[in-house]
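Open the structure in your viewer and keep the selection tool ready. We will go stop by stop.

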Amino acid sequence: MRPRPGNSYVRIVRRFSRQFHRQAPGYLVATERALAPRGSIGRLAERARSIFIGRRLASHLEGSERVGVFKGLALFASDNISSSAYATEEVMRMLVLAGAAALSLTMPITVAIVVVLAIVVLSYQQVIRAYPGGGGSYVVARENLGDIAGLTAVAALTTDYILTVAVSTAAGIAAITSIAPELFAQRVILAVLVITVMTIVNLRGITESGNVFAAPAYIYAASILGVIVVGMFRAASGTLPVHAPPAEWVAAYPQEPLALILVLRAFASGSVALTGTEAVADGVQAFKPPEVKNSQTVLVAMGGLFATIFLGMSFLAGHLGILPDPSETETLVSQLTRALVGQNPYYYLVQVSTAVLLLLAANTAFNGFPRLANVVARDRYLPRQFQFRGDRLAFTVGILLLSVVSIMLVVAFEGSVSRLIPLYTVGVFLAFTLSQAGLVGRWWRMRREVPGWQWRIGANTAGALATGVVLIVVAVSKFALGAWMVLLLIPLLVLLMYAIQIHYNEVEDALTLERPDAPGEPPVHAKVIVPVSRLDRTVVRALAVARSISDDVTAIHIGDDPQEADHMRQLWAARGEGLPLVFVESPYRALIPPLLAYLDAVDTHDRQHPIVVVLPEFVPRHFWEYVLHNQTAMRLKLRLFLRPNTMVIDVPYHLGDPTIQSSPVQTSEATSR
C-alpha cells in the first residue's frame with residue numbers, strides 16, 4: 001500500500017510539560033508540580049505545611065493579597081486602637097502613687113497625649129504622600145538626615161515592633177485573667193501559645209489574617225463605645241454609680257508626694273498609646289489602589305477612634321474614682337464596665353472582645369515589621385533573607401524573627417504589662433522625632449517646588465519638638481525602670497546594620513565583573529584528591545569523575561593497620577586505573593584530621609593550582625538507614641567548605657544506579673562504612 005497524505009503521525013514529546021510551562025524558547029515557568037516533594041517524608045511534611053500555611057500563591061497573585069480600608073483598619077490600626085484598653089490604666093497606676101487626689105490629673109494628661117497623637121497623625125499623612133513606597137520613618141530619615149538617622153529609626157522601630165507583640169499579648173492575657181483569675185498563674189504559657197498561633201496565621205498571608213482579625217477589632221470598638229455612651233449618658237443625668245475600690249488596693253499603694261517626675265512618668269506610661277501609628281506608613285504597599293488614599297484614610301480613622309475611646313475612658317474612670325488593681329489581676333476596663341452596666345452578658349462581651357483585640361493587636365507588628373525589614377534589606381542593611389516571600393507571599397523571615405524574640409521577652413518579664421511598658425515608648429518616640437525632623441529637611445530642600453512649604457515646615461518643626469520633648473521625658477522618667485536597655489540596644493543595632501552593609505559591599509566588590517564582555521579566566525589545572533576507604537562501586541564512579549576533570553589525580557587511603565595498606569595496594573594494582581595511591585597511616589585512628597593535614601601539605605607545596613576533592617558517597621535508600629552508616633563524606637564536606645583554595649565534588653551512589661561497565665570489582669573488608 002502506497003503511503004498517502006495523512007497516514008503518518010508525528011508525536012511531539014515535551015520533556016518539561018508536567019513541571020514547566022514553556023513561555024518562549026529557552027524560557028520555562030515552573031509550575032506547582034515542580035515543587036512536589038519526593039518520598040513519603042516529604043509528602044507528609046507538605047501535607048502538614050498546606051494545613052497550617054495553606055496552598056501556595058504565585059507571584060502574579062500579589063494584588064489579591066492587598067487590603068482595603070475595612071480590613072486595613074483592623075490589620076494596621078489594631079495596636080493603636082487596642083492600647084486605649086490599658087493606656088488610661090497605666091497613667092493612673094503612676095498617679096495613684098501620690099494618693100487618690102492625684103488621679104484628678106488623669107484627664108489633663110490624656111488630653112496632652114491625644115494632642116501629641118494628632119501631631120503624629122498629621123506628620124504621617126505627609127510621610128505617606130511623600131513616600132508611597134513604604135518604609136516610614138526609616139526612608140524619611142535616611143533620605144533627608146543621612147544613613148545614621150535612618151538606621152537609628154530602624155533600630156528604634158525594631159524594638160517598638162517587638163515590644164508591641166509582647167505588651168499586646170500580655171495585656172490580652174491580663175484581660176482574660178480578669179474574667180478567669182484561676183488562669184493568672186499560666187499567663188506566660190498562654191501568651192506564648194497566642195504568639196505561636198498568630199505567627200501561623202500571618203504566615204498564611206495578609207488576606208487571611210485580615211479575615212481573622214477584622215471582626216474582633218470592630219466588635220471591640222462597638223462594645224467599648226457602647227460602654228462610654230452609657231457612661232456619658234449617666235454622667236449627664238447625674239446617675240453615675242458610686243464605686244468604692246477594695247481597702248486592700250488603697251493600702252497597697254505607697255503614698256508619695258506629687259512630684260514632677262511622677263507626673264512625667266504618668267505621661268510617659270500613657271504615651272504608649274501612640275504605638276502602632278508607624279505601621280500604616282510602613283505598609284502603604286499592602287493596601288489596594290489607590291494606596292496613598294486608602295492608607296491615609298486608615299490613619300485618620302485610627303487616630304479618631306482611639307482618641308474617642310481614650311478620652312471617654314479617662315473621663316469616666318476619673319469620675320467614678322476607679323483605682324488600678326495593684327496585682328494586675330483585674331483591668332480598669334473590667335472595673336469600668338462592671339460599674340456602668342453590671343456583670344451581665346454585655347460585660348462579658350466587652351471583656352472577651354477587649355481580650356481578643358489586645359491579643360490580636362500584635363498583628364500590627366506582624367504586618368509592619370516584616371515590610372520595614374524588607375525595605376531595609378533592599379538597602380543591604382539587613383540580611384537578604386528578609387526579602388524572601390514565603391508560599392503565601394508573606395515575608396516569612398521577618399515574621400519568624402519577630403515571633404521568637406517576642407516570646408523570649410514575654411518569658412523573661414513573666415508576661416507583666418507593667419514591667420514591659422517602660423521598655424516600650426522610647427523606640428517609638430525616637431522614630432517619630434526622626435520622621436518629623438526628616439520632613440523638615442525635605443520641605444526646606446524642596447521649597448522651590450512644593451507650594452505651602454512654609455506651613456509644612458512649621459507643622460513638622462512643632463511636631464519634632466513635641467515628640468522630642470516626649471522622648472526626653474520618657475527616657476528620663478523610665479530610665480531606671482528598664483528604658484536603659486532600649487537606649488543601649490539601639491546603637492548596637494545601628495552598628496550591626498552598618499557591619500552588614502559593609503560585608504555586602506565587600507562581597508559585591510569582590511564578585512562583580514568589571515565589564516560583562518571581559519574575557520573569562522583561563523582554564524584551571526586542578527590537583528584532584530580522591531579519598532578512598534575501600535575499592536567498590538562508589539570509588540570507581542568517583543575515579544571516573546575525577547579523571548574527567550584533570551589528569552593530575554591522586555587517591556588517598558587513611559588507615560591504622562599496615563597490613564590493610566598492603567592489601568589495599570594489591571587491589572589498587574588490579575583496578576586502580578594506573579592512578580597513584582597514597583596510604584596515610586593514622587596510629588591514633590583519626591580519619592579527617594590526617595586528610596586535612598595532607599591537603600595542607602599539598603597546598604603549601606603548590607598554591608598556584610586549586611585542590612579538588614572528589615568524595616565518593618553512598619546514599620542509603622531510606623532515611624532510617626542513615627544511622628547505620630557513619631556519613632564520613634558528609635562530615636568531611638562540612639570541614640572542607642570553609643577551606644580556601646579547595647573545591648569539593650560529591651559523587652553520590654544510590655542503590656540501583658546503573659553499573660559502570662568494567663571488570664568485576666573486588667572489595668576490601670578492612671574498613672567498614
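Predicted model: local features only at pLDDT ≥ 70, side-chain atom pairs only at ≥ 80, totals over all residues.

Residues are numbered from 1 along each chain as its sequence is written, and side-chain values use heavy atoms, with hydrogens and water left out.

**Stop 1: Asp 325**

Select Asp 325, in the loop between α13 (291–320) and α14 (332–341). Helices are DSSP runs (H or I, at least four residues), numbered from the N terminus. Asp 325 is buried but has no salt bridge. Buried means under 20% relative accessible area, exposed over 50%, and partly exposed in between (1.4 Å probe, protein chains only). A salt bridge puts a side-chain nitrogen of Lys or Arg within 4 Å of a carboxyl oxygen of Asp or Glu. Now show Arg 93: this nearest side chain of opposite charge is 6.5 Å away. Then show Glu 330, whose backbone nitrogen is reached by the side chain of Asp 325 at 2.9 Å.

**Stop 2: the largest cavity**

Select Tyr 86, Glu 89, Ala 174, Thr 331 and Val 417. Of the 16 residues lining the largest cavity, these are the closest to its centre. A cavity is a set of points on a 1 Å grid over the protein atoms alone where a 1.4 Å probe fits but cannot get out; lining residues have an atom within 4 Å of a point. The largest cavity has a volume of about 150 Å³, which is the space filled by probe spheres set on the points. Colour α4 (84–95). α4 gives the most to this lining, with 5 residues.

**Stop 3: the second largest cavity**

Move to α9 (206–237). α9 gives the most to the lining of the second largest cavity, with 3 residues. About 60 Å³ of space lies there. Show some of its lining residues, including Ala 217, Tyr 218 and Leu 305.

**Stop 4: salt bridges**

Which residue forms a salt bridge with Glu 143? Select Arg 442: the closest N and O atoms are 3.7 Å apart. Glu 143 lies in helix α6 (residues 136–145) and Arg 442 in helix α19 (residues 425–445), so the pair ties together parts 299 residues apart in sequence. Glu 143 is partly exposed at 44%, while Arg 442 is buried at 12%.

Last, select Arg 380 and Glu 508. Their salt bridge has its closest N and O atoms 2.6 Å apart. Arg 380 is partly exposed at 23% relative accessible area, and Glu 508 is partly exposed at 34%.

Notes. Helix = DSSP H or I, 4+ residues; strand = E, 2+ residues; numbered from the N terminus. Lys, Arg positive; Asp, Glu negative; His and termini not counted. Polar contact = N/O pair within 3.5 Å; in protein donor to acceptor, adjacent residues only side chain to side chain. 1 Å grid on protein atoms, 1.4 Å probe; cavity = no way out; pocket = protein on both sides within 12 Å on 5 of 7 lines; lining within 4 Å.
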